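This report describes a protein chain for a reader who is new to structural analysis. Please keep the sequence and the three-dimensional view at hand while reading.

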Amino acid sequence: MNCTRSFSQCLKRTTQRTPITSSIRARTTQPILLAHRASLRCIHSSRVQFLESRPPKSRDRGPKSDEDTQTDFSALDVLRNTAVPATSIDACTNDGFALNNQLRITGSGVLLVGGEAFRWRPWLREGVQGEDHNGAMTGQLLNAKKQWEVQDSAWGVLELAWPKPDLLIIGTGPQVTPIAPAVRQYLNDLGIRLEIQDTRNASAQFNLLATERGVGDVAAALIPIGWKEIRQ
């Protein structure tokens, strides 16, 4: 408002200083009036350099304060005093997993439900071998559309568990693979939500959520990172 009022006053003073008495005088004074108006700068904006903050002259913050109002950032860790579940994943190996309770699972995946750990090999089925001639775990978990799909019988523990977990974290191996709609529909019918990640990230996610929410609400189904899909 102040800028608008100032601009109006400038125009008013300009017209008063240059009266127009005739058409001839108006034509001769018009260039002068326009030039005078151009020289006036009633509305302007601040330069960019004036808006930038100046760098600090020193990094010294002064002596350390002993006041009680200082923030203790170590106290912001809400999970500091929460016990880590015994079935949390300490390490992911090529052929298995190492759990927090000193249990080592080799040669298979793992299904973590209700605070218990179960050996899990969903790739075993009729006519498919579980290992190659070098001893590496192999099998078939991808359907014709390259989607991650297992048989319904592989989820037998989840069918028997009660109460059932609210969330199931699936680790599909060394990389993320989309799961088949039939698998998602089957698990959703059990009342279980899904989260799909690669095995390393799925293990870290399970450790965090199981510590925060409890092993009764969060379960995990993990494929070893050294597992290989065989080609048909």
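A residue is called buried when its relative accessible area is under 20%, exposed when that area is over 50%, and partly exposed in between, with a 1.4 Å probe and only protein chains considered. By this definition Trp120 is buried, and so is Trp155. The structure is a predicted model, in which local features need pLDDT of at least 70 and side-chain atom pairs count only at pLDDT 80 or more, while totals for chains, interfaces and linings use all residues. Residues are numbered from 1 along each chain as its sequence is written, and side-chain values use heavy atoms, with hydrogens and water left out.

**Overview**

The protein chain contains 6 helices and 10 strands. Helices (H or I, at least four residues) and strands (E, at least two) are DSSP runs, numbered from the N terminus. Of the 232 residues in the protein chain, 32% count as buried. The accessible surface of the protein chain amounts to about 15900 Å², and 51% of this belongs to carbon and sulfur atoms. Such areas come from the Shrake-Rupley method with a 1.4 Å probe, and for residues only the protein chains shown count as cover. A contact means heavy atoms within 4.5 Å. Among contacts in the protein chain between residues at least 6 apart in sequence, 62% join residues at least 24 apart.

Two strands pair if DSSP finds at least two bridges between them. In the order S5-S4-S9-S7-S8, 5 strands form an open sheet with mixed pairing. Its edge strands are S5 (116-120) and S8 (193-197), each of which pairs on one side only. On average, neighbouring strands of this sheet are turned by 20° against each other, direction ignored. For such angles, axes are lines fitted to C-alpha atoms, for helices over the stretch in contact, and angles run from 0 to 180 degrees between N-to-C directions.

Strand S7 (residues 167-171) runs parallel to S8 and is joined to it by 5 bridges. Within this pairing, Gly171 stands opposite Gln197 in S8. Helix H5 (residues 181-189) packs on the sheet and touches S7 and S8, its direction making about 140° with that of S8.

Which residues of H5 are buried? They are Val183, Tyr186 and Leu187. These residues cover an arc of only 90° around the axis, which puts them on the same side of H5. The arc is that of the directions from the helix axis to the C-beta atoms. In general, an α-helix has 3.6 residues a turn, so residues three or four places apart point the same way. The buried residues of H5 pack against H4, S7 and S8. On the other side of H5, Pro181 and Asp189 are exposed. After H5 comes Gly191, whose phi is positive, near 85°.

**The sheet of three strands**

A further open sheet, of 3 strands, has the order S1-S2-S3 and antiparallel pairing. S1 and strand S3 (104-106) stand at the edges with a single partner strand each, so one side of each is left without a neighbour in the sheet. Neighbouring strands of this sheet are turned by 10° against each other on average, direction ignored. A hairpin joins S1 to S2 through 2 residues. The bridges of this sheet are listed below.

| Strands joined | Bridges | An opposite pair |
|---|---|---|
| S1 (residues 89-93) and S2 (residues 96-99) | 4 bridges | Ile89 and Leu99 |

Helix H6 (residues 199-213) lies across S1 and S2 and runs at about 170° to S1.

**Aromatic pairs**

Rings of Phe, Tyr and Trp (its six-membered ring) pair if their centres lie within 6.5 Å; planes under 30 degrees apart count as stacked, over 60 as edge-to-face and the rest as tilted. The structure holds 3 aromatic pairs. Trp120 and Trp155 form a tilted pair, at 5.2 Å centre to centre and with 45° between the planes. Trp120 lies in strand S5 and Trp155 in the loop between strand S6 (138-139) and helix H4 (156-160), so the pair ties together parts that are 35 residues apart in sequence.

Trp123 and Trp227 also form a tilted pair, with 5.7 Å centre to centre and 45° between the planes. Trp123 lies in the loop between S5 and S6, and Trp227 in the loop between strand S9 (218-222) and strand S10 (228-229), so this pair ties together parts that are 104 residues apart in sequence. Trp123 counts as buried at 0% relative accessibility, and Trp227 is buried with a relative accessible area of 8%. Finally, Trp120, Trp148 and Trp155 form one aromatic cluster.
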